[in-house]
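Please study the predicted model shown below, together with its sequence. Then work through the exercises in order.

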Amino acid sequence: MRYTPEELEAARDRVVPDVVAGGLRVLFCGINPGLMTAVTGHHFARPGNRFWPVLHAAGFTPRQFHPAEQGALLDHGLGITNVVARPTARADELTAEEYREGGRLLAEKVARLQPRWLAVAGVTAYRVAFGDKHAAIGPQERTLGATRIWALPNPSGLNAHWTLATMAEEYGRLRTAAFAES
């Protein structure tokens, strides 16, 4: 379905519910909801976003899910949240303070839900939210309690230097780590 610019703009005040449960293997964390996500209520809903194809290509899901099927992730030990809850057209509309406050709230959420892994899809967002300016893609030394952290490439179509194949390889490394554990 196509939405008008007015419909997308009207979604800026919407809250997009997390897809979460306690004890997940991996809690994927986007930067913040885009306007398409806000208008549909489905994470990573923008057609150019590669999250759903990458998730399948990395072996997390048995087939490529549609954003409207996001609830089925829970059956696979997976969930979705965001660093910042405020929907925007672009992540560069967010302030450093919003990222830092989002990191604080995310740490509280992780303490409550206790996933095995927190996978932040966007290393720059991770750096700002958690004050780790030297973080690189991959597993991080920092933990949130018993939860390990993995910084992943942002699946946005704007992140063009990461191809579907190279992103699937990195997400696959996380999958191997997350499902190799007992």
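The exercises below treat the sheet, the helices on it, the pockets and an aromatic pair.

**Exercise 1. Determine the strand order of the open sheet and identify its edge strands.**

Solution. 
Step 1. The sheet is open and has 5 strands, in the order S2-S1-S3-S5-S4. The pairing is mixed.
Step 2. Strand S2 (78–82) and strand S4 (138–144) each have a single partner strand, so one side of each lacks a neighbour in the sheet and these two stand at the edges.
Step 3. From one strand to the next, the twist averages 25°.

**Exercise 2. Compare the pairing of S1 with S2 to the pairing of S4 with S5.**

Solution. 
Step 1. Strand S1 (residues 26–30) and S2 run parallel and are joined by 5 bridges. Within this pair of strands, Gly30 stands opposite Asn82 of S2.
Step 2. S4 and S5 are antiparallel, with 4 bridges between them. Here Thr143 has Arg148 in S5 as its bridge partner.
Step 3. S4 and S5 form a hairpin with 2 residues between the strands, and Gly145 in this hairpin takes a positive phi near 65°.

**Exercise 3. State which strands helix H5 lies across, and at what angle H5 runs to S4.**

Solution. 
Step 1. Helix H5 comprises residues 123–130.
Step 2. This helix lies across S3, S4 and S5.
Step 3. The angle between H5 and S4 is about 25°.

**Exercise 4. Describe the largest pocket by its volume and its lining.**

Solution. 
Step 1. The space in the largest pocket is about 900 Å³.
Step 2. The pocket is lined by 40 residues, and the closest to its centre are Ile31, Ala91, Asn154, Ser156 and Leu158.
Step 3. Helix H1 (5–10), helix H2 (35–40) and H5 each give at least two residues to this lining.
Step 4. Sorted by class, the lining of the largest pocket holds 20 nonpolar, 16 polar and 4 charged residues.

**Exercise 5. Describe the second largest pocket, and find which element supplies the largest share of its lining.**

Solution. 
Step 1. The second largest pocket contains about 260 Å³ of space.
Step 2. Among the 18 residues that line this pocket, Asn82, Val83, Ala85, Leu105 and Lys109 are the closest to its centre.
Step 3. The largest share, 8 residues, comes from H4.
Step 4. The classes in this lining are 9 nonpolar, 3 polar and 6 charged residues.

**Exercise 6. Classify the aromatic pair of Phe28 and Tyr171, and explain which parts of the chain the pair ties together.**

Solution. 
Step 1. The structure holds 8 aromatic pairs.
Step 2. The ring centres of Phe28 and Tyr171 are 6.3 Å apart, and rings pair if their centres lie within 6.5 Å.
Step 3. The ring planes of Phe28 and Tyr171 stand at 15°, so this pair is stacked; the cut-off for stacking is under 30 degrees.
Step 4. Phe28 belongs to strand S1 and Tyr171 to helix H6 (residues 164–180), so the pair ties together parts that are 143 residues apart in sequence.

Note on methods
Residues numbered from 1 in each chain as written. Predicted model: local features only at pLDDT ≥ 70, side-chain atom pairs only at ≥ 80, totals over all residues. Heavy atoms only, no water. Pairing = 2+ DSSP bridges. Axes fitted to C-alpha atoms, helices over the stretch in contact; angles between N-to-C directions. Contact = heavy atoms within 4.5 Å. 1 Å grid on protein atoms, 1.4 Å probe; cavity = no way out; pocket = protein on both sides within 12 Å on 5 of 7 lines; lining within 4 Å. Points joined across faces, edges and corners; volume = space filled by probe spheres on them. Nonpolar A, V, L, I, M, F, W, Y, C, P; charged D, E, K, R; others polar. Phe/Tyr/Trp six-rings, centres within 6.5 Å; stacked < 30°, edge-to-face > 60°.
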